[in-house]
Amino acid sequence: MQVLTISALSRNTGVTPKALRYWERVGLLPKATRTHTGYRVFGPEVSQYIDFILKAKSVGLTLSEMRRVLELSHNGRNPCPEVVKWIDEKDRALEQQIHSLRALQRRLRRFRRLCSTSTVMDCARENELCCLIEGLPKPKIEERRWQ
């Protein structure tokens, strides 16, 4: 059976040894065995886990969600329904973020047009931080929400 040291595994996968050690510690990778000198060595099956982690990261799964998938799979249960639920939730959240970012972009463009009509260099007045910003209307409640 072919075993890989953490440095060889890192070279083969492009994942840093620090990330590999972390993934092992949080249960995403099978526990490495140790050589008589204390070096970690992984079996060939670890490549499948690393591929899984990288692909799961590419669709936005969190480490805890990945751990849940592995747990379900190891217990003989199908994790795909939960994955679909998570992806749907992430899609809805992303849509909301896009909506908020578009609203911010519109406000920035309106503000920039205002700035181009003002004489920016004549802005500094006593007791004002920035007349351009201070001259803006108060934001609506939903615009002031911190996300």
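Mentor: Before we start, buried means under 20% relative accessible area, exposed means over 50%, and partly exposed is in between (1.4 Å probe, protein chains only). This is a predicted model, where local features need pLDDT of at least 70, side-chain atom pairs count only at pLDDT 80 or more, and totals for chains, interfaces and linings use all residues. Residues are numbered from 1 along each chain as its sequence is written, and side-chain values use heavy atoms, with hydrogens and water left out.

Trainee: What share of the 147 residues counts as buried?

Mentor: Take the cut-off of under 20% relative accessible area. Apply it to the 147 residues of the chain, and the buried share is 23%.

Trainee: How many helices and strands are in the chain?

Mentor: Helices (H or I, at least four residues) and strands (E, at least two) are DSSP runs, numbered from the N terminus. Reading from that end, the order is β-α-α-β-β-α-α-α-α-α. That makes seven helices and three strands.

Trainee: Is Glu89 buried, partly exposed or exposed?

Mentor: Glu89 sits in helix α5, residues 80–117. Its relative accessibility is 38%, so Glu89 counts as partly exposed.

Trainee: And Gly135, is that buried or exposed?

Mentor: Look in the loop between α6 (131–134) and α7 (141–144) for Gly135. Because its relative accessibility is 57%, Gly135 counts as exposed.

Trainee: How far apart in space are Gly135 and Leu114?

Mentor: In sequence, Gly135 and Leu114 are 21 residues apart. Going C-alpha to C-alpha, the distance between Gly135 and Leu114 is 9.9 Å.
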